[in-house]
Amino acid sequence: MPEGVRSKERTGELAYYQEKEELMSRDEMTALQSERLVKQVAHVYANVAPYRKKMQDAGLEPGDVKGIEDLHKLPFTTKDDLKEAYPYGYLALPLSQCVRIQSTSGTTGRRVVAFYTQHDIDLWDSCCARSIAAAGGTNEDVVHVSYGYGLFTGGPGLNGGSHLVGSLTLPMSSGNTERQLQFMTDLESTILCCTPSYAAFLGESAHDTGVIDKIKLKAGIFGAEAWSEEMRRDIEKSLGIKAYDIYGLTEISGPGVSFECSEQTGMHVCEDHFYPEIIDPATGAVLPEESKGELVFTCLTKQAFPLLRYRTRDITMLTRAQCSCGRTLVKMKRLMGRTDDMLIIRGVNVFPSQIETVLINSGYPANYQIILDRVNHTDTFEVQVEMTDEMFSDEVRVIEQKEKALLAALKSMLGISPKVKLAAPRSITRSEGKAVRVIDKRKI
Ligand SMILES: [Zn+2]
């Protein structure tokens, strides 16, 4: 029987696709990562001109990297580096050895194209297979892939993973909701893979068209966009499933760079292939575990497009706290924002998404405005929040109490105290239907 394929008898047990790597001891993992990094650095130094130059500029030779503890010596790679070198600058092997190209959506300027050898595709597929197995997938399942296929990595990644697990794979691609629901009911799909917003829409459509009772889904693997815990609960309720998060990016391979397990408290990083670091986005310094900062990845095993210390611009934190699923792979928390959105207020990094989380958890609508100014060389920080009709009160004392409670919750999340001002329902101005979140007068 091929690795990872589970017989019916095994269904219900905790299943791992690659038990050896997923349950590896810390010492073994570090040794494996070190060995792989040393080989990888030699490979890129020999074959990728921009890396050779960057290392030479930094006075580094491949021999200076003797293990994972030396990783911090290597220069970072940014999205701008890849755009400048488009399309072949970071290619590490002759095209004759590559079998696939995938690409980013390129919403801002030039796309990034990523190259894969068959080995690179296989390891990517295996990471997606880990994700499907962690969501309870076996060869008894029908995996319904509603991510887009084509240059986008979502469809091809989960498709490959599903094959490895031995599930029956439905390559639906995105769109045509009526057809999605028909296949889902006729062929009894059990695991849905798509973006969380499309999952929410499918759930809504299934209720509206009255087919919800015919749906046999048990799990969903949702990624490629940011989503909240609240959205997870809504999707789980609507479709009657357990919803798992998955993370990835084309520059590093695609979905499956990290994946969620039954504990649903963050995503295990496939760190035997993709080594994660958290850095201070302002200084580039590597931060200790459980610190919030920018996520950086180094490809330890990829051959054709092996990026070193790639800055994802995603904000999260890493934790090695023991997980109930038994996996020892380091976990990254749900994404907490993008470095592009980061505000520095009185020297503290603040993300609008953190404020949003506090508001949702405290029962407020996510309609708020952050107003920053500078008075006597000190930043002022005000958060205006809209109340719902039910919350609104004419009594000043009632409003003040609410403001106090919200201030305490915000202070605990952000580490600094804003001035909190509750506003009447629908009083925060919107432009083109969307609220302007941040008004930074400090720059004026
Ligand atoms: Zn786990």
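# Reading strands, helices and loops in a predicted model

User: How many bridges join strand E7 to strand E8, and which way do the two strands run?

Analyst: Start with the general idea. Strands of a sheet pair through backbone hydrogen bonds, and the pairing is either parallel or antiparallel. Now this case. Strand E7 covers residues 242-248 and strand E8 covers residues 255-260. They run antiparallel, joined by 3 bridges.

User: Then how far can I trust it? What is the mean pLDDT of the protein?

Analyst: Where pLDDT is low, the predicted coordinates should not be read in detail. Here the mean pLDDT is 91, and 94% of the residues reach 70 or more. Watch residues 5-12, where pLDDT stays under 50. For that stretch the model has 12 contacts beyond four places in sequence.

User: Back to strands. Which sheet holds E7 and E8?

Analyst: An open sheet of 9 strands. Read its order across: E4-E3-E5-E6-E7-E8-E9-E14-E13. Its pairing is mixed. Look at the two ends next. Strand E4 (168-170) and strand E13 (318-319) are the edge strands, and each pairs on one side only.

User: What is the order of the open sheet with 4 strands?

Analyst: The order is E10-E11-E12-E15, and the pairing is antiparallel. Strand E10 (274-279) and strand E15 (337-338) each have a single partner strand, so one side of each has no neighbour in the sheet. Now look at one pair within this sheet. Strand E11 (residues 293-299) and strand E12 (residues 310-316) are antiparallel, with 4 bridges. Glycine 293 has threonine 316 in E12 as its bridge partner.

User: Which strands does E18 pair with?

Analyst: Take E19 to begin with. Strand E18 (residues 368-375) and strand E19 (residues 378-386) run antiparallel and are joined by 8 bridges. Leucine 372 has phenylalanine 381 in E19 as its bridge partner. Then take strand E23 (residues 438-440). E18 pairs with E23 in the parallel sense, over 3 bridges. Isoleucine 371 stands opposite isoleucine 439 of E23.

User: Where does a positive phi occur in the hairpin of E18 and E19?

Analyst: Most residues other than glycine have a negative phi, and most peptide bonds are trans. This hairpin has 2 residues between its strands, and asparagine 376 takes a positive phi near 50°. Serine 173 is not a glycine, yet its phi is positive too, at about 60°. Find serine 173 in the loop between E4 and H7.

User: Which peptide bond is cis?

Analyst: The one from tyrosine 86 to proline 87, with omega near -5°. Proline 87 sits in the loop between helix H4 (79-84) and strand E1 (100-103).

User: Now helices. At what angle do H5 and H6 pack?

Analyst: Compare the directions of the two axes, then their spacing. Helix H5 (residues 118-134) and helix H6 (residues 154-165) pack at about 75°, with axes 7 Å apart. H5 and H6 are therefore roughly perpendicular. Residues of H5 in the contact include Ile121, Trp124 and Ile132. From H6, Leu158, Leu164 and Val165 are among them. By class, the contact has 9 nonpolar, 6 polar and 1 charged residues.

User: Which strands does H5 lie across?

Analyst: H5 lies across strand E3 (142-145), strand E5 (191-194), strand E6 (219-222), E7 and E8. It runs at about 20° to E8.

User: How do the axes of H7 and H8 cross?

Analyst: The axes of helix H7 (residues 177-186) and helix H8 (residues 196-208) cross at roughly 75° and come within 10 Å. That makes H7 roughly perpendicular to H8. Thr177, Gln180 and Leu181 of H7 meet Leu202, Ser205 and Ala206 of H8. The residues of this contact divide into 3 nonpolar, 3 polar and no charged.

User: Last, how is the whole protein divided?

Analyst: Into domain 1 (8-26 + 114-339) and domain 2 (342-443). Their C-alpha centres lie 32 Å apart.

Definitions and conventions: Residues numbered from 1 in each chain as written. Predicted model: local features only at pLDDT ≥ 70, side-chain atom pairs only at ≥ 80, totals over all residues. Domains from an automatic or database assignment. pLDDT = per-residue confidence, 0-100. Contact = placed C-beta atoms within 7 Å. Pairing = 2+ DSSP bridges. Axes fitted to C-alpha atoms, helices over the stretch in contact; angles between N-to-C directions. Parallel < 35°, antiparallel > 145°, perpendicular 65-115°, else oblique. Nonpolar A, V, L, I, M, F, W, Y, C, P; charged D, E, K, R; others polar.
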